[in-house]
Amino acid sequence: MTTVVYPGTFDPITCGHLDIITRAAATFPHVTVALLKNANKQPVFTVSQRLELIRRSVAHLSNVEVDAFTGLLVSYMRFKGAGLIVRGLRSIADFECEAEQAAANRHLAGVETTFFMASSEYSYLSSSMVRDIGSYGGALSGMVPSCIEEEVRAALLDINRLR
Ligand code: ADP
């Protein structure tokens, strides 16, 4: 197996996501971070903004690729020739939903999911927390990668102003 896929919404990417990507990249030969474009969620950041934020955050990791997909994850994985899904686990709440998704992907295509436990410093960090704090002008240091901090903060303030 040469490629694993780390799928998600990344609205926006956080230090918790980057921690999982970094650890996956140290474990597997090649990691594809795959942005899910399905319309059943209404993200705050556009697809191109989210892709750009992820790309800048992982620029130092040479075996990480960033891509976007629609439709079923298992179909995308077949297309990429990827063999394993990576997900992060923060809490029991994550576990319930992740267990369901992992079972569905195994049922659909026999694809396995592997889990990285969230590092303790990020176990309460989520994209929605970043969006809430950022939209009221709060500091995002330690929550999103420092190279995108100012851009995320400015974008969230703008979005709040337009509401
Ligand atoms: P989704 O909307 O598909 O859950 P997310 O972008 O929110 O996508 O999350 C992608 C993956 O990253 C999920 O497996 C999620 O549990 C995990 N994750 C999110 N935040 C963290 C964090 N702070 N630490 C570790 N894993 C995380």
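Trainee: Where does Gly142 lie?

Mentor: Gly142 is in the loop between α5 (127-135) and α6 (149-162). Helices here are DSSP runs of H or I with at least four residues, strands are runs of E with at least two, and both are numbered from the N terminus. One caution: this is a predicted model, where local features need pLDDT of at least 70 and side-chain atom pairs count only at pLDDT 80 or more, while totals for chains, interfaces and linings use all residues. Residues are numbered from 1 along each chain as its sequence is written, and side-chain values use heavy atoms, with hydrogens and water left out.

Trainee: Why does Gly142 count as partly exposed?

Mentor: Buried means under 20% relative accessible area, exposed means over 50%, and partly exposed is in between (1.4 Å probe, protein chains only). Gly142 has 49% relative accessibility, so it counts as partly exposed.

Trainee: And what makes Thr113 buried?

Mentor: Thr113 has a relative accessible area of 15%, so by that cut-off it is buried. Its place is in strand β5.

Trainee: Which residues is Thr113 in contact with, leaving aside its neighbours within four places in sequence?

Mentor: Contact means heavy atoms within 4.5 Å. With those neighbours set aside, Thr113 is in contact with Leu84, Ile85, Arg87 and Ala102. On the same terms, Gly142 is in contact with Cys15, Tyr122 and Leu125.

Trainee: How do you know that β1 and β2 pair?

Mentor: Two strands pair if DSSP finds at least two bridges between them. Strand β1 (residues 3-8) and strand β2 (residues 30-36) have six, in the parallel sense, so they pair. Take Val5: its bridge partner in β2 is Thr32.

Trainee: What is the order of the five strands in the open sheet?

Mentor: The order is β3-β2-β1-β4-β5, with parallel pairing.

Trainee: Why is one side of β3 and of β5 left without a neighbour in the sheet?

Mentor: β3 (64-69) and β5 (112-117) stand at the edges and each has a single partner strand, so one side of each has no neighbour in the sheet.
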